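The following paragraphs lead the reader through selected parts of the structure shown below. Please keep the sequence and the model in view while reading.

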Amino acid sequence: MKLKFYSPILLVILCFISITNNSFSQKILFKDVNLIPMTSDTLLISQSVLVQDGKIVAIDDYKNLKPKKKSKTQVIAAKGKFLMPSLVDMHVHLPDEDRVEEFLKYNLAAGVLHLRVMNSVMDQDELKRVIDAEDGVLRPSIHFSHLIRRDKSYTIHQADSLMKKMKETEERFVKLLSLGSEETFGNLSAAAKSNGVIFCGHFPVYQKFGQAYMVDMDKVLHSGFRSVEHLGGYIWLQSDDQIEKSIQITKLNEVYNCPTLDWDVMTSNLLYPKGYKDRFTYKLLPIEITKKWEADYKSYIDELGGLEMIQGSMEKNQGAFEAKKKILKDLYDAGCLLLIGGDAGTHFQAPGFNIYEEMLHWSDIGIDNYSILRSATYHAAKFFGEHSTWGTIEVGKNAEMILLTSNPLEDIRNIGTIEQTVFGKLIFDNGQFIKSLKELSK
Ligand SMILES: [Zn+2]
């Protein structure tokens, strides 16, 4: 896998990484910035944040952190700007090796520094080897998964050996893609629990005599299953009472939900024919990219047979989408844990940037901006049990932060004003990065 294009800024970053390696200890100081630490719904006015060796080492008044005359500290004058933890995409599908470099760059450009991989075109182990072989290339932290598919069943013993083996591999969690039997679900969740391995994914559904059955909702929510994707399960319940009861159990057992609303919007063509032009990402990315998207989309719709052929499914899916929005709002109102997932993969969806679209959908249904941002930062770290090292801006945490021109707590669309991203010892310019994406797309 070779980078097709190195922009000047990328070259600087890449050289920087290979020269600096682990021994370099640069200090970066954000001076007089408005801080959104994501530890609570507060904005701390005019703070200074010192980064050393990739860690946040001090948050204080500038006068207490002012570097000495000959210090090599890089001071960033950030008065009137906003600093918050960098973002996480909790529902990602990695492409094959030809496109993975581009995919990862999109995420960096969007200020996304952690990815939870739910599946990939190539085998994840193989893809990981390819990515790791590119030594010294800047990329987000990737949380790989072990996929469970319906064609393989697990006895309790087999499930236990899988979880034990996973402690030695770099697969960070088990993702249920599809399920062979209810028994397999029980065995996997028991083994995950006793081994302390994260088990999550699609709501468990299995086939029997040509019919689909969902595993009992109560059973799933009590099993230790850590997150449910796409609001599966909830959307199939028959009554409001059942939904309400399930939401209460969700809250009680601290089960996360990763709704991926934008997947519904775009795979069901709900914005056809012109609505996609109002999409946030459409306005943020270079026209060279969006033009190409339009052409691709046009031929896709033509292939399907034009508007007449998609209209029926659009109407049907609009109804399903409304039902999902209501369930998400109910989960939010009940105080359940939520995760932001972009699930980008279809037309007008860009990796990384698609979590902005997801944020806008959440905002439209009345979820407050702090809760949205917390789902894309702290909750993600907590999901992995890594909230003591990343996900907030606090002394001792990894320096993974984004600097914004405008306050996203005030208006969620301000998430599109990221100027710079700090990733450990590195700092890069997001605007430059976005510009360089159009070269990658050629
Ligand atoms: Zn997905």
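Helix α5 passes helix α6 in a right-handed crossing; a crossing is right-handed if the near helix is turned clockwise from the far one by less than a right angle, and left-handed if anticlockwise. The contact is formed by I156, A159, D160, M163 and K164 on the α5 side and by N187, L188, A190, A191, A192 and N195 on the α6 side, two residues being in contact if their C-beta atoms, placed from the backbone, lie within 7 Å. Seven of these contact residues are nonpolar, two are polar and two are charged. Here Ala, Val, Leu, Ile, Met, Phe, Trp, Tyr, Cys and Pro count as nonpolar, Asp, Glu, Lys and Arg as charged, and the others, Gly among them, as polar.

This is a predicted model, in which local features need pLDDT of at least 70 and side-chain atom pairs count only at pLDDT 80 or more, while totals for chains, interfaces and linings use all residues. Residues are numbered from 1 along each chain as its sequence is written.

Two packed helices are described by the angle between their axes and the distance between the axes. For α5 (residues 156–166) and α6 (residues 182–195), the angle is about 40 degrees and the axes are 8 Å apart. The two helices are therefore oblique to each other; angles under 35 degrees count as roughly parallel, over 145 as roughly antiparallel, 65 to 115 as roughly perpendicular and the rest as oblique.

Helix α8 (residues 240–252) and helix α12 (residues 307–333) pack at about 45 degrees, with their axes 10 Å apart, which makes α8 oblique to α12. Their crossing is right-handed. The contact joins I243, I247 and T250 of α8 to I327, D330 and L331 of α12.

Attention now turns to helix α3. Its 13 residues (97–109) should span 18 Å at 1.5 Å a residue, and the end C-alpha atoms, 19 Å apart, agree with this. Among the buried residues of α3 are V100, F103, L104 and Y106; a residue is buried if 20 or more other C-beta atoms lie within 10 Å of its own, exposed if 12 or fewer, and partly exposed in between. The elements covering the buried residues include β6 (87–94), β7 (112–120) and α4 (124–133). E97, also in α3, counts as partly exposed because it has 16 C-beta neighbours inside 10 Å. Just after α3, G111 takes a positive phi of about 80 degrees.

How values were computed. Axes fitted to C-alpha atoms, helices over the stretch in contact; angles between N-to-C directions. Helix = DSSP H or I, 4+ residues; strand = E, 2+ residues; numbered from the N terminus. Expected span 1.5 Å × (residues − 1).
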